[in-house]
Amino acid sequence: MRSMQDPPRRLSVLRILLSGFAMGTADLVPGVSGGTIALIVGVYDRLLSAIASVNRRSAGALLTGKWQVVRSEVDFGFILPLALGILTAVFVLSEPLGRALESPTGRILLFAFFFGLVVGSVIAVGRSITWSQAEVALGVAATIGAFLIVRASPTTGSGTLVALFAAGFVAVCAMVLPGISGSFILLLMGQYERILNAVRTRDLVTVAVVAGGAVIGVLSFARMLRWLLGRFRSQTLAALTGFMAGSLWKIWPWRACVTDQPLRSDGICAVERLQAPDFSVPAYTLMLIGLMMVIAFDVWERRRARQLPLARPEGTT
């Protein structure tokens with residue numbers, strides 16, 4: 001199964017690997033979505049198509065040993081290098097990113113860069129939409145919805161296998177959605193620290209249970225998104241743009257804990273407020289770099305698309 005928007009021949013293995021690494025890096029940061037990165041680097045349609053290629057037919061062929069059918073059905077040329085890139089980022093960067101998030105200065109710098117990336121994404125994706133009343137309404141509704149989600153206070157979750165499986169299921173749906181961070185959903189469910197520590201300590205049982213929930217969640221949710229993009233592309237992109245815009249509150253770099261509110265049982269601040277930006281040249285520089293990276297990549301992709309022959313829709317010959 002191939003994407004109408006991004007045929008496989010246009011993506012090198014190196015680009016897919018780097019896209020996966022960037023997505024994995026983003027998913028480690030609460031407030032940043034791997035789906036946003038997929039949109040930025042131009043692999044979002046291919047991602048949904050590749051996930052949807054794992055279906056009953058391909059699963060049945062796998063169980064019966066019909067490898068030729070499996071290879072023809074499943075987009076392994078995309079899934080394998082992307083998954084390798086994501087897993088590499090998770091295992092290589094979980095420790096340094098964890099330390100950066102624990103440092104006030106490191107947190108500001110990290111979030112400044114991602115804030116610039118998301119602002120650039122809103123601009124770039126917004127440019128590709130024909131904004132009618134329906135698109136504007138969907139964009140505004142999605143912005144408000146995402147804002148309310150990211151304003152929610154974290155809870156303390158249990159460490160049962162059922163809770164971990166559910167966390168993986170829900171979080172991966174958020175990871176696929178641009179603007180809604182899977183890591184932040186884990187934080188809301190009280191599972192972020194537990195799962196991050198499991199990755200750090202190589203707790204394979206916890207990782208496997210979360211991964212199982214994630215696999216089932218992504219297979220079901222990606223199909224729905226792919227269907228919406230195939231039939232209501234402009235409206236769906238408007239909603240995705242709204243999700244990204246609404247998430248900006250969560251990744252504003254300068255914030256402080258509300259001191260008259262109790263901390264969670266694990267010491268994490270339950271209620272935060274935004275602050276005016278400090279005079280921080282490194283933070284402003286990283287924010288501008290993130291913004292300009294997305295804009296430059298969007299311009300490059302548009303020019304490249306004009307130079308390539310139009311892709312044929314799926315099902316045509």
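Of the 317 residues of the chain, 47% count as buried, where buried means under 20% relative accessible area, exposed over 50%, and partly exposed in between (1.4 Å probe, protein chains only). Please keep in mind that this is a predicted model, in which local features need pLDDT of at least 70 and side-chain atom pairs count only at pLDDT 80 or more, while totals for chains, interfaces and linings use all residues. Residues are numbered from 1 along each chain as its sequence is written, and side-chain values use heavy atoms, with hydrogens and water left out.

## Overall fold

The chain has 14 helices and two strands; these are DSSP runs (helices H or I, at least four residues; strands E, at least two), numbered from the N terminus. Contact is counted for heavy atoms within 4.5 Å. Among contacts between residues at least 6 apart in sequence, 79% join residues at least 24 apart. The accessible surface comes to about 15600 Å², and 69% of that belongs to carbon and sulfur atoms; such areas come from the Shrake-Rupley method with a 1.4 Å probe, and for residues only the protein chains shown count as cover.

Buried residues in α1 include Arg15, Ile16, Ser19 and Met23.

## Inside the core

The largest nonpolar core has 69 residues, and those with the most contacts inside it are Val29, Tyr44 and Phe78. The largest share of this core, nine residues, comes from α7. A core here is a set of buried Ala, Val, Leu, Ile, Met, Phe, Trp, Tyr and Cys residues joined through side-chain atoms within 4.5 Å. Leaving aside residues up to four places away in sequence, Phe78 touches Leu11, Ile16, Val43, Arg46, Leu47 and Ala50.

## Salt bridges

A search of the whole structure finds three salt bridges, each a side-chain nitrogen of Lys or Arg within 4 Å of a carboxyl oxygen of Asp or Glu.

| Pair | N to O distance |
|---|---|
| Arg233 and Asp45 | 2.7 Å |
| Arg46 and Asp75 | 2.6 Å |
| Arg99 and Glu95 | 3.4 Å |

Arg233 and Asp45 form a salt bridge. This pair links distant parts of the chain, with Arg233 in helix α13 (residues 233–247) and Asp45 in helix α3 (residues 44–52), 188 residues apart. Arg233 counts as partly exposed at 26% relative accessibility, whereas Asp45 is buried at 17%.

The side chains of Arg46 and Asp75 also meet. That pair again links distant parts of the chain: Arg46 lies in helix α3 and Asp75 in the loop between α5 (67–73) and α6 (76–102), 29 residues apart. Both Arg46 and Asp75 are buried.

Arg99 and Glu95 are four residues apart in helix α6, so about one helical turn separates them. An α-helix has 3.6 residues a turn, so residues three or four places apart point the same way. Arg99 is partly exposed at 48% relative accessibility, and Glu95 is partly exposed at 35%.

## A nonpolar patch on the surface

Trp131, Val136, Val140, Ile144, Phe147 and Leu148 form a nonpolar surface patch with about 550 Å² of accessible area together. Patches are made of residues with over 30% relative accessible area and no salt bridge, with like charges joined within 9 Å and nonpolar side chains (Val, Leu, Ile, Met, Phe, Trp, Tyr) within 5 Å. Trp131 sits in the loop between α7 (104–127) and α8 (133–150), and counts as partly exposed at 40% relative accessibility.
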